[in-house]
Amino acid sequence: MSTDAVPTSADAALPRGGTLATSEPSSDRGEPVLSARGLVKTFGRVVGLDGVDLDLYPGEVFAVIGDNGAGKSTLIKCLSGALEPDSGEIRLDGKVVHFKRPQDARDSGIETVYQQLAVIPALDIASNLYLAREERRPGPLGSVLRMLDKKGMRVRAGESVRGLGIQTIQNMAQPVETLSGGQRQAVAVSRAAAFGGKVVILDEPTAALGVREGNQVLEMIRQLRDKGLGIILISHNMPHVWEVADRIHIQRLGGRAGVITPSSHTMTDGVAIMTGAMKLEQ
Ligand SMILES: Nc1ncnc2c1ncn2[C@@H]1O[C@H](COP(=O)(O)OP(=O)(O)OP(=O)(O)O)[C@@H](O)[C@H]1O
Ligand SMILES: [Mg+2]
């Protein structure tokens, strides 16, 4: 685990065995766009998720932190249709949903950037942005001959990349394999931003990035929040989380250890709860 500037022996700064008040939101945010109750996912004898609850509201950045193996990726895979939970309930806009595949979640307005980056290196940027959503040319060329509207997709890809303030990518016909790691990540986040109708889920979007690209992704996240989307951000980078998150879900040993906010708790508190040195009153 890397927590950047945060001391890992966080318990030294806190009274052992003490408790902190939890920070679940008051009810002035309206209804959650996405919620989960009692999610359980096991892999043979390994418990990935042990009955996890979550509420994501429109227009908020909801960070998920936790140690390696705490269940963060498993949680978002259940929310995005990449895994089917063994039990529990997921609601989107209040309605129960059962996603069997990622495409089901995408069709419902949930876009995910997975920890293992889902771009196809040999394709160009525009094709990556429009992967599984290719647009056909207008008229019979598209409807009968199934010809792709490559030019249109490049123009629109350029607009969405530039709309997110990414200036380092100029040519949408450039193959993704020739981009830097940070630029590839930017393409993946742009795709999520361009198509995420309601919810965008980002699993470690800044892990492989330099300072400048990392800050750019944070800025993109703020823009998406300001558009009213609900954002779930998984990160080990505590300064990033404390900078951008509205609320922070702490995942520990497959369960939810608590939900805090950057103003209610320090990074040191967060790490202490994550490691079990500190317990939250739930
Ligand atoms: N497909 C799988 N098969 C078996 N075990 C799995 C599988 N996926 C996850 N697990 C296990 O479930 C637990 C939670 O894993 P998960 O990937 O959700 O952790 P994480 O919090 O995302 O960790 P990291 O910070 O390292 O990304 C781990 O013990 C992991 O080994
Ligand atoms: Mg993970």
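How many bridges join β2 to β3, and do these strands run parallel or antiparallel? In this predicted model, 8 bridges join the two strands, and they run antiparallel. One example is Ala36, whose bridge partner in β3 is Leu54. Strand β2 covers residues 34-43 and β3 covers 46-56.

These two strands belong to an open sheet of 4 strands. The order is β3-β2-β5-β6, and the pairing is antiparallel. Strands β3 and β6 (95-97) are at the edges, and each pairs on one side only. From one strand to the next, the twist averages 30°. Helix α1 packs on this sheet and touches β2, β3 and β5. The direction of α1 makes about 120° with that of β2.

The wider fold can be summarised briefly. The protein chain has 9 helices and 12 strands. It holds 282 residues, of which 50% count as buried. Among contacts with a separation of 6 or more, 69% come from residues 24 or more positions apart.

A further open sheet contains 6 strands. Their order is β7-β8-β9-β4-β10-β11, with mixed pairing. Strands β7 (110-113) and β11 (255-260) stand at the edges. Each has a single partner strand, so one side of each lacks a neighbour in the sheet. The twist here averages 20° from one strand to the next. Sheet strands pair through backbone hydrogen bonds, in either a parallel or an antiparallel way. In the parallel sense, β8 (residues 199-203) and β9 (residues 230-234) pair over 5 bridges. Val199 stands opposite Gly230 in β9.

Helices lie across this sheet too. Helix α1 (residues 72-79) lies across β4 (61-65), β7, β8, β9 and β10 (247-252). Its direction is at about 150° to β9. Helix α7 lies across β4, β8 and β9, and runs at about 155° to β9.

Helix α7 (residues 211-226) also packs with helix α6 (residues 181-195). The angle between them is about 5°, and their axes are 10 Å apart. The two helices are therefore roughly parallel to each other. On the α6 side, the contact involves Gly182, Ala186, Val189, Ser190 and Ala193. These residues meet Glu213, Met220 and Leu224 in α7. By class, the contact has 5 nonpolar, 2 polar and 1 charged residues.

Which residues have the most contacts inside the largest nonpolar core? They are Leu34, Leu39, Leu56, Leu75, Leu79, Ile110 and Ile232, in a core of 27 residues. Two or more residues come from each of β2, β3, β4, α1, β5 (87-92), β8 and β9. Ile232 illustrates how these elements meet. Beyond four places in sequence, Ile232 touches Leu34, Leu56, Phe62, Val64, Ile76, Leu79, Val200, Ile201 and Leu202. A second, separate core has 18 residues, including Ala188, Val189, Leu209 and Leu229. In soluble globular proteins, nonpolar side chains tend to be buried together.

Helix α9 (residues 267-275) has 7 of its 9 residues buried, so the rest of the structure largely encloses this helix. The buried residues are Thr268, Asp269, Gly270, Val271, Ala272, Ile273 and Met274. Just after α9, Gly276 takes a positive phi of about 90°.

Is Lys100 buried or exposed? Lys100 counts as exposed, because its relative accessibility is 53% and the cut-off is over 50%. Its place is in the loop between β6 and α2 (102-107). Leaving aside neighbours within four places in sequence, Lys100 is in contact with Gly81 and Glu84. Ser80 is found in the loop between α1 and β5. With a relative accessible area of 2%, Ser80 is buried. Ser80 touches Arg101, Pro102, Ala105, Thr112, Tyr114 and Ile201, not counting residues up to four places away. Lys100 and Ser80 are 20 residues apart in sequence. In space, they are 9.3 Å apart, C-alpha to C-alpha.

Technical notes:
Residues numbered from 1 in each chain as written. Chains lettered and ligands numbered in written order. Predicted model: local features only at pLDDT ≥ 70, side-chain atom pairs only at ≥ 80, totals over all residues. Heavy atoms only, no water. Axes fitted to C-alpha atoms, helices over the stretch in contact; angles between N-to-C directions. Parallel < 35°, antiparallel > 145°, perpendicular 65-115°, else oblique. Contact = heavy atoms within 4.5 Å. Nonpolar A, V, L, I, M, F, W, Y, C, P; charged D, E, K, R; others polar. Pairing = 2+ DSSP bridges. Buried < 20%, exposed > 50% of the residue type's maximum accessible area, 1.4 Å probe, protein only. Core = buried A, V, L, I, M, F, W, Y, C linked by side-chain atoms within 4.5 Å.
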